[in-house]
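Please keep the sequence and the three-dimensional view at hand while reading.

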Amino acid sequence: WLGRLLGRPPHVRDDVAVGPRTVVLPHREPTRVAPEHGGAIQRHLSPVDEQARELEALRRLAHTDAVTGLPNRRSFVGRLAAALGDSGTPAAGLLILRVLQLEGLNLRIGHEATDLLLAAMADVLAAYPLRVPGAFAGRLNGIDFALYLPVSGVADETAGTLMRALRASPAGAAAGIELVIGGVDGLAAT
C-alpha cells in the first residue's frame, strides 16, 4: 500500500534492528514534496489539504456574517456567554448599534451599495477590538451590531466616540444612514 501511496516502492533498509525490514519515510511537511518522490505524495495529500481548506471556509461561514466579516449572532452570543459566565471576569459593558430605516436605504441606493456601507461601518466597529484587549464585536441581525466592552463604566463614552467615528467615516456620511447606539454598563457573571 505504501508503494501505491508513493507512486514507487519505498526506500527499505535492512540494517535497522527494529524488524526485518523498516520503511524509511522522509520527514517533510505534507505539502512539500521532494522531486525524487515524483509528486506522488502531493497528489494523495492535496485532497486532504483541500478538504481542510473547505472545512475552514465552512467554519468561517458558520461563525461570520457574510456582508460585514464580523462574527455573526451565534458566534457573538457564544463569546458573550463565555465572558459573562466566568466569575473571575470583572463587570463589563455592552453597546448595541442599530441602523435605522435599512429597508429605505436599500430602496434608495440598492442592496449592493447598502452592503458596502454596512461593511464599511463594520470596519469602524471592528477597529475597537483591535485596540482594546478583550473587546469583541459582532453583527446580531440585519440592522443590529454589538460591541462587548471588557470593562464597566465606559459604555457611554465609547458610544459617543463610536458614533463620532461612524459619522466621520465615508460610510456614515454617505447616503444618510441613521444610527442609534445604546449601551449598558455593569454586566457581570451570574
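At 36% relative accessibility, Arg98 counts as partly exposed, a class that lies between buried (under 20% relative accessible area) and exposed (over 50%), computed with a 1.4 Å probe and protein chains only. The side chain of Arg98 meets that of Asp144 in a salt bridge, with 2.6 Å from N to O. The two residues link distant parts of the chain, 46 residues apart: Arg98 belongs to strand E3 (residues 92-100) and Asp144 to strand E5 (residues 144-149). Asp144, in turn, is buried, with a relative accessible area of 7%.

A salt bridge is defined here as a side-chain nitrogen of Lys or Arg within 4 Å of a carboxyl oxygen of Asp or Glu. Side chains of opposite charge can pair when their charged atoms come close. Helices (H or I, at least four residues) and strands (E, at least two) are DSSP runs, numbered from the N terminus.

## Basis of the model

This is a predicted model, in which local features need pLDDT of at least 70 and side-chain atom pairs count only at pLDDT 80 or more, while totals for chains, interfaces and linings use all residues. Residues are numbered from 1 along each chain as its sequence is written, and side-chain values use heavy atoms, with hydrogens and water left out.

## The chain as a whole

The chain contains seven helices and six strands. Along the sequence, they follow the pattern α-β-β-α-α-β-α-α-β-β-α-α-β. Of the 190 residues, 30% count as buried. The chain exposes about 11800 Å², and carbon and sulfur atoms supply 58% of this area; the Shrake-Rupley method with a 1.4 Å probe gives the accessible areas, and for residues only the protein chains shown count as cover.

Contact means heavy atoms within 4.5 Å. Among contacts with a separation of 6 or more, 63% come from residues 24 or more positions apart.

How many salt bridges does a search of the whole structure find? The search finds two. Besides the pair already described, the side chains of Arg139 and Asp65 meet at 3.1 Å, N to O. Arg139 lies in strand E4 (residues 136-139) and Asp65 in the loop between helix H2 (40-63) and H3, so this pair ties together parts that are 74 residues apart in sequence. Both Arg139 and Asp65 are buried.

Thr68 is placed in the loop between H2 and H3 and is buried, with a relative accessible area of 10%. Its side chain joins that of Asp65 through a polar contact of 2.7 Å. A polar contact is a pair of N or O atoms within 3.5 Å; within protein, one must be able to donate a hydrogen and the other to accept it, and residues adjacent in sequence count only if both atoms are side-chain atoms. A polar atom of the Thr68 side chain also lies 3.2 Å from the backbone nitrogen of Leu70. Leaving out residues up to four places away in sequence, Thr68 touches Leu118, Ala119, Ala122, Arg139 and Phe145. The buried residues of helix H5 (residues 111-131) include Leu118, Ala119 and Ala122.

## Helix H3 and its cap

Helix H3 (residues 73-85) has 13 residues and reaches 17 Å from its first C-alpha to its last, close to the 18 Å expected from 1.5 Å times one less than the number of residues. Its buried residues are Ser75, Phe76, Leu80 and Ala83. They cover an arc of only 130 degrees around the axis, which puts them on the same side of H3; the arc is that of the directions from the helix axis to the C-beta atoms. The face turned away from this buried side carries the exposed residues Arg74, Ala82 and Gly85.

Asn72 is found in the loop between H2 and H3 and is buried, with a relative accessible area of 16%. This residue caps the N-terminal end of H3, with a side-chain oxygen 3.3 Å from the backbone nitrogen of Arg74. The side chain of Asn72 also reaches the backbone nitrogen of Ser75 at 3.0 Å.

## Asp185 in strand E6

Asp185 is placed in strand E6 (residues 178-187) and counts as partly exposed at 33% relative accessibility. Asp185 and Gly93 are 92 residues apart in sequence and 4.2 Å apart in space, C-alpha to C-alpha. A polar atom of the Asp185 side chain lies 2.9 Å from the backbone nitrogen of Gly153, and the side chain reaches the backbone nitrogen of Val154 at 3.5 Å.
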